[in-house]
Amino acid sequence: MMKRILFVIILFGVPVHAGETTFESMARYYNDSETQVFSPHTRISSSIMKDSVVIGAGYAEDVVVSASSDVRSWSSKGVISDLRKEESGDLTFNLQSGSVTGYFIQSDENDYHSQTYGLSTTRDFFQKNTTLDIGVGLGVDHVGNSHEIGFNAPMQHQNVTIGITQVYSPVSIAQLLFDFTAENGFLSGSYRLARLGQTDGSVIGIPENSPNSRVRESLAYKYNHFFKSINSSLATTLRIYYDTWDVKSATLEERLSHDYGKHFSMTYNIRYYQQGQANFYQDKYDPTNLPVFFTGNKTLSNYFTALAGLRPTFHFGKDWEAYAKVEYYIERFGNFTDVGDPLNPADDKLYSINALILGAGFSGKF
């Protein structure tokens, strides 16, 4: 049962003195009865110099209150709260046969600071029916710990993305996307504990120790087709993933959008995700045979997720729309247990999550 449901629409506006200005404002609420996250977001972009240059900026927050499995088991308070703030900016130059974009993202939490810099470019070929996208990014993070004064662990990640988009016809388009990310530095959680099983069935926790480097690779294929006869579009996404920690996953998503008239449309979407565990992951480690690396990160275990959702959209004016979103999300873990009271073995059970996600927002051009 959900303890509460919050539905918020954020109104936002700014004066415009440039060419075409695009604006979006939305809010999202996640609730799985253990963790609640409220996420407002705003973004505005404006074109200048006869639309050859586009300047964009965004702001987002995540307000988190959590009493998740790890928090209940290891935190003295049994609940934590945090606030993440994110500012972003981007600058795009539209060229005759493509574009170049530079961007910057800064994110701050109570004990985490992140800065990401990126550059991407697109190039059109064959009368703009084929587009090549190439992007590179660099992230510099600093991990803190409120329990240890002066704790500051660095982490960096480098990212390369290559995509090819192909227009097959006026009603069908496909994209192939390859993503490569290398991470190095402090890749453990500054609060997360690995669990050591004791002979009496109880559990104790020790700070996890993950490898200090990780390489991630993914390949995604997306195909969109518009069916004129039923005034609907179908979008299919298939993604496979692998990393050097031996985590493998596959994602399948289907999204159907139907126009019920000029002023109302509905999008239906489903997504399924299946993952295998990291090569050093164990639910509980044997203290007499502890490996070099050990973790308490449940997202490195064997699990699957599923999501089903609806998004009604109301179109008004020429370029304005308002929308809502309702999604139901589940996670089922195959080998991660909720230890509950670490001293009571009877509390152990496989962990699972059922969550309700609500959202609302509007966007437009002027």
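The aromatic pairs number 17. The rule takes rings of Phe, Tyr and Trp (its six-membered ring) with centres within 6.5 Å; planes under 30 degrees apart are stacked, over 60 edge-to-face, the rest tilted. Take F333 and F336. Their ring centres lie 5.9 Å apart and their planes meet at 55°, so this pair is tilted. Both F333 and F336 are buried, meaning under 20% relative accessible area, with over 50% called exposed and partly exposed in between (1.4 Å probe, protein chains only).

F336 also pairs with Y351, edge-to-face, with 5.8 Å between centres and 75° between planes. That pair links distant parts of the chain: F336 sits in strand β17, Y351 in strand β18 (residues 349-365), 15 residues apart. Strands here are DSSP runs of E, at least two residues, numbered from the N terminus. F336 has 0% relative accessibility, so it counts as buried. Y351, at 4%, is buried too. Ring pairs join Y273, Y303, F333, F336 and Y351 into a cluster.

A quick word on the source. This is a predicted model, where local features need pLDDT of at least 70, side-chain atom pairs count only at pLDDT 80 or more, and totals for chains, interfaces and linings use all residues. Residues are numbered from 1 along each chain as its sequence is written, and side-chain values use heavy atoms, with hydrogens and water left out.

R311 lies over the face of Y323, 3.8 Å from the ring centre. The test: NZ of Lys or CZ of Arg within 6 Å of the centre and within 35 degrees of the ring normal.

Now T305. Where is it? In strand β16 (residues 303-316). Contact means heavy atoms within 4.5 Å.

On to G98, in strand β5 (residues 98-109). G98 is buried as well, at 12% relative accessible area. With the sequence neighbours up to four places away set aside, G98 touches F93, T122, R123 and D124. From G98 to V203, 105 residues along the chain, the C-alpha atoms are 57 Å apart.

How values were computed. Helices (H or I, at least four residues) and strands (E, at least two) are DSSP runs, numbered from the N terminus.
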